[in-house]
Amino acid sequence: VVDIRKFYADTGMFTYDPGFTSTASCDSGLTYIDGGEGVLLHRGYPIGQLAEQSSFMEVAYLLLNKELPNKDELDKFIWTITRHTMVHEQLATFFRGFRRDAHPMAIMCGAVGAMSAFYHDSTDITDPQQRMIASHRLIAKMPTIAAMAYKYSIGQPFLYPDNDLSYTGNFLRMTFGVPAEKYEVDPVVEKALDRIFILHADHEQNASTSTVRLAGSSGANPFACIAAGIACLWGPAHGGANEAALNMLREIGTPERIPEYIARAKNKDDPFRLMGFGHRVYKNYDPRATVMQQTVREVFKAMNVKDPVFDVALQLEEIALNDDYFVEKKLFPNVDFYSGVVLSAIGFPTAMFTALFALARTVGWVAQWNEMISDPAQKIGRPRQLYTGPTQRDYVPLDKR
Ligand code: ACO
């Protein structure tokens, strides 16, 4: 125990909490998690009910506006989002500056950050209406940008949005359609992807959301703040875990090799971790993983797909959940464990998985950012530190060192 008062004369009570494991950085009315019980509620509604009965647009409205919309409100919201799906034509030029093989998350960070240049003068964050327009723009343009990142990486022309399609159908067409052919949206895939977006829409003060809040607390442009969130989400300990989880499952390849990987995950001298397992908050089954596993089954059945990777995932889960190490440490599958399996079956390359997560999480980011800015108690985020460097000493000239 260090008595930090000898270092800091300017403070009274001071907490040292690396990783913020037990420090609330804000109050929020958006999302409730009970990690012990495996409960996730958005504005009070259980995630399972929203995933089953709602739509991504409805959940976006709920997170932004506090209540579920009635039919007119939902129609108006969808119309508004649809009107903002186009990106400025100059943004396409911006894409061409990236290496052809750039990771889509690198492109997303850059392109979304660049949008701040297009809306610099029109985003007065003290005006709630302008904040809402910026939020709508971000939600609407993210699928266009994610699809452009994909098209760019495979050398195909960008497709303009088709506003007769749903939010998710439009994204599927911009990603997998080609200008010369008519693209038919598969309703099963559209429903499954919409549900995946719902599962990723918000998750209270996770690393990327906290990043967006911290960036936004200085009054920065919202497009730049969301770019910061995308950067944070990219890491393999956060949104990048879905990509890492599928790569791991493919590397395992057959159920016979599972014990070898379980042993590696338990070995303290091996940095390997079971990707898609464990969570800072959930010490029980992640309720999103339950829905995700069900979604894999539905998509596989409807598309008549059989991927041995799913069998590996199911058996790995079964073995881990009966292993003392994972039981004691309360390590369960998280949302990322099964999401890669289903996204791959739909046809997305692994590099796009985290970009899809960013697309969906944009809803949570903008809702959290709005909540923060409209809070009269809001202050610039400014964590303190526990200084461990040398105490004061005199400068030594170069010729004396
Ligand atoms: N495999 C093996 N051991 C693990 C795993 C894992 N996936 N996760 C945690 N542990 C062990 C740690 O080694 C540690 O053991 P110790 O106490 O003996 O040192 C203990 O469990 C606690 O782990 P921490 O890293 O301290 O827990 P923290 O809450 O900081 O980390 C995290 C949570 C980052 C999610 C971690 O479980 C992990 O790295 N999981 C794999 C990556 C992953 O799936 N990330 C996605 C998170 S969900 C999301 O972002 C949508």
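**Close-up views of a predicted model**

**View 1. The crossing of helices H10 and H17 is right-handed.** This view, like those that follow, is taken from a predicted model. Helix H10 spans residues 222–233 and helix H17 spans residues 353–374. Their axes lie 10 Å apart, and the two helices pack at an angle of about 135°. H10 is therefore oblique to H17, since an angle counts as roughly antiparallel over 145 degrees and as roughly perpendicular from 65 to 115. On the H10 side, the contact is formed by Pro222, Cys225, Ile226, Gly229, Ile230 and Leu233. On the H17 side, the contributing residues are Thr354, Phe357, Ala358, Arg361, Thr362, Trp365 and Trp369. Sorted by class, the contact of H10 with H17 comprises nine nonpolar, three polar and one charged residues.

**View 2. Helices H13 and H16 cross with left-handed geometry.** Helix H13 covers residues 287–303, and helix H16 covers residues 335–346. The axes of H13 and H16 come within 8 Å and cross at roughly 20°. Because angles under 35 degrees count as roughly parallel, H13 and H16 are described as roughly parallel to each other. From H13, the residues that meet H16 are Arg288, Ala289, Met292, Gln293, Thr295, Val296, Val299, Phe300 and Met303. Their counterparts in H16 are Val335, Phe337, Tyr338, Ser339, Val341, Val342, Ala345 and Ile346. By class, the contact of H13 with H16 contains 13 nonpolar, three polar and one charged residues.

**View 3. Three strands form an open sheet in the order E1-E2-E3.** The pairing within this sheet is antiparallel. Strand E1 (31–34) and strand E3 (45–46) are the edge strands, each of which pairs on one side only. Strand E2 comprises residues 39–42 and is joined to E1 by four bridges, the two strands running antiparallel. In general, the strands of a sheet pair through backbone hydrogen bonds, in either a parallel or an antiparallel manner.

**View 4. A shell of 19 residues lies around the ligand.** Among these residues, Ala241, Arg273, Phe277, Gly278 and Arg280 come nearest to the ligand. Which classes of residue make up the shell around the ligand? The shell divides into eight nonpolar, seven polar and four charged residues.

Terms used:
Residues numbered from 1 in each chain as written. Predicted model: local features only at pLDDT ≥ 70, side-chain atom pairs only at ≥ 80, totals over all residues. Near = placed C-beta within 6 Å. Nonpolar A, V, L, I, M, F, W, Y, C, P; charged D, E, K, R; others polar. Axes fitted to C-alpha atoms, helices over the stretch in contact; angles between N-to-C directions. Left-handed = near helix turned anticlockwise from the far one by under 90°. Contact = placed C-beta atoms within 7 Å. Pairing = 2+ DSSP bridges.
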